[in-house]
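Work through the following exercises with the sequence and the coordinates at hand. Each task is followed by a solution in steps.

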Amino acid sequence: MTIILGIESSCDETGVGLSRLDAAGGITLLADEVASSVEQHARFGGVVPEVASRAHLESLVPAMRRAFDTAGLRLSDVDAIAVTSGPGLAGALLVGVSAAKAYALALDVPLYGANHLAGHVAADTLEHGPLPSPCLALLVSGGHTQLLRVDDLATSITELGSTIDDAAGEAYDKVARILDLPYPGGPPIDAAARRGSPSIHFPRGLTGPRDAAYDFSFSGLKTAVARWVENEERAGRPIPVDDVAASFQEAVADVLTAKAVRAAEAEGVDTMIISGGVAANSRIKELARERCAAAGITLRVPKPRLCTDNGAMIAALGAHLVKAGVAPSALDLSSNPGLPVDVISV
Amino acid sequence: MLVLAVDTATPSVTAGVVELPEDGAPVLLAERVTVDAKAHGELLSPHVRDALAAAGKTLADVDALVCGVGPGPFTGLRAGIVTAAALGHALDRPVHPVCSLDGIAAQAVGEPLLVVTDARRREVYWAAYAADGARVAGPEVLAPAALAERVAELGVTRVAGGELGDFGLVRVGAWAPTPVGLVAAAASALRAGGVAGELTPLYLRRPDAVEPGARKRVTPA
Ligand SMILES: [Zn+2]
């Protein structure tokens with residue numbers, strides 16, 4: 001039995017997770033502590049890197065203490081440490097990586113610098129068990145929009161496509177601002193959309209015949225929403241916020257799920273995972289479920305708590321790395337804000 | 001008492017193992033120092049490991065830690081503080097915070113002293129010390145020219161730290177805190193034992209962040 005400590009600090013959540021890898025290869029989540037600085041960013045309408053980094057420094061050791069209390073474990077029980085070494089915000093990553101290195105040195109255990117994006121995929125295995133090989137993962141959050149082919153969670157992930165401009169969650173934040181809804185934009189737009197109807201047709205970015213099949217673009221959609229709202233304002237008509245939200249959300253859900261299902265079919269995979277903060281969105285889940293069912297694809301979406309950034313997903317990925325016998329990182333490990341997704345551990 | 005000292009408030013990545021006797025000055029057993037403003041996160045833990053090995057000690061031998069808490073440019077500063085906090089937590093040892101400028105001043109006690117370090121953006125972090133080494137002003141952040149105008153009023157005769165302006169003072173001491181300086185600055189707290197102070201970073205500046213103004217229109221008004 002192996003206890004793995006996972007530390008995450010790539011954006012605005014300080015996460016500490018503990019997982020247990022048993023002899024049969026099963027992975028169990030023992031603790032999942034998250035301290036979020038999201039409220040400190042609200043008035044700026046987006047994550048402020050320096051504010052996030054300061055919050056990580058304040059929250060890290062207290063989150064560690066809470067995680068070990070929750071799990072009923074002592075630090076000396078830890079057999080390996082995994083830490084998000086990228087991608088993410090430079091100053092934020094540095095806090096988690098520096099802490100993880102100090103814990104690894106003090107506890108004399110192996111350290112794994114791990115990929116945040118692979119962590120999002122690994123989170124699903126905590127809830128739904130091992131992944132079939134190969135499978136497809138769609139990661140959607142404020143920071144990422146990626147379509148991945150996963151052949152082995154510990155050793156082989158390939159990017160099929162990603163956003164060429166805004167992340168899906170970023171588009172939600174920007175449209176929320178256009179509609180005078182609060183930050184972060186995901187939950188209020190989802191709530192408004194459920195009251196409205198998708199009666200306005202907004203453009204689906206990068207869906208032309210000559211566009212990259214698996215890349216995404218949300219910048220044009222955001223501008224189209226702004227233009228539509230401004231025209232209505234100029235005409236002196238009240239803005240039907242619920243309908244605009246529903247129409248925007250429909251455009252996002254349509255493009256994401258259509259491209260993901262097409263990729264799954266082209267790659268010949270029968271299982272799709274959707275993870276990341278935006279995976280909690282009701283319409284994206286609903287449309288993905290419909291389209292996956294029609295295409296005979298099994299859809300796996302972890303519960304919202306596991307979809308957002310947390311230490312549990314890194315503790316899970318760490319368990320997969322240990323299980324696969326991957327070589328640990330050296331103590332001079334450094335964080336890499338631009339770590340490519342195919343580098344699962346460094 | 002065996003003390004592990006770390007500081008990342010300047011471009012120097014500093015870790016040292018220091019023996020603090022019951023009376024008298026701290027003695028350096030081993031240190032590892034690299035000057036690279038971008039390497040704090042990468043090198044600090046290896047420096048701790050290597051300094052301990054060079055001193056013939058292990059982390060289990062460490063009785064207490066001392067950590068420079070700035071002022072210092074933000075990103076690197078946090079690497080040192082979180083490393084010290086994590087080591088203190090894992091080893092269950094107290095971590096004593098020291099103003100990093102005090103760590104420089106402690107190695108140059110004598111006549112009244114000004115300590116300056118690079119705050120970037122054409123400003124310096126500074127503090128002033130009396131002949132007995134007590135801090136009498138600062139830490140603050142100022143443009144070198146504005147600080148130079150205050151030199152007479154501060155009554156200092158010497159300057160330590162970086163070459164960051166013309167203050168008309170005699171240069172002395174180190175440009176970055178040394179392990180011995182850090183331990184000397186924390187000596188009374190270390191000897192008193194008990195609970196260490198909060199490891200609160202001395203940022204001295206607010207985060208650069210502006211609240212968004214009115215939304216920009218995408219169509220002509
Ligand atoms: Zn994420």
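The model is predicted: local features need pLDDT of at least 70, side-chain atom pairs count only at pLDDT 80 or more, and totals for chains, interfaces and linings use all residues. Residues are numbered from 1 along each chain as its sequence is written, chains are lettered from A and ligands numbered from 1 in the order in which they are written, and side-chain values use heavy atoms, with hydrogens and water left out.

**Exercise 1. Positive phi**

Locate Asp180(A) and Leu204(B), and state the phi and the accessibility of each.

Step 1. Recall the background: most residues other than glycine have a negative phi, and most peptide bonds are trans.

Step 2. Asp180(A), in the loop between H5 and H6 of chain A, has a positive phi near 60 degrees. Its relative accessibility is 72%, so Asp180(A) counts as exposed (buried means under 20% relative accessible area, exposed over 50%, partly exposed in between, with a 1.4 Å probe and protein chains only).

Step 3. Leu204(B) follows helix H7 (187-192) of chain B and has a positive phi of about 65 degrees. With 34% relative accessibility, Leu204(B) counts as partly exposed.

**Exercise 2. The five-stranded sheet**

Which order do the strands of the open sheet in chain A follow?

Step 1. The order is E3-E2-E1-E4-E5, with mixed pairing; two strands pair if DSSP finds at least two bridges between them.

Step 2. Strand E3 (27-36) and strand E5 (111-115) of chain A are the edges; each has a single partner strand, so one side of each lacks a neighbour in the sheet.

Step 3. From one strand to the next, the twist averages 20 degrees. Axes are lines fitted to C-alpha atoms, for helices over the stretch in contact, and angles run from 0 to 180 degrees between N-to-C directions.

Step 4. Strand E2 (residues 13-21) of chain A and E3(A) run antiparallel, joined by nine bridges. Within E3(A), Ala31(A) stands opposite Leu18(A).

Technical notes:
Helices (H or I, at least four residues) and strands (E, at least two) are DSSP runs, numbered from the N terminus.
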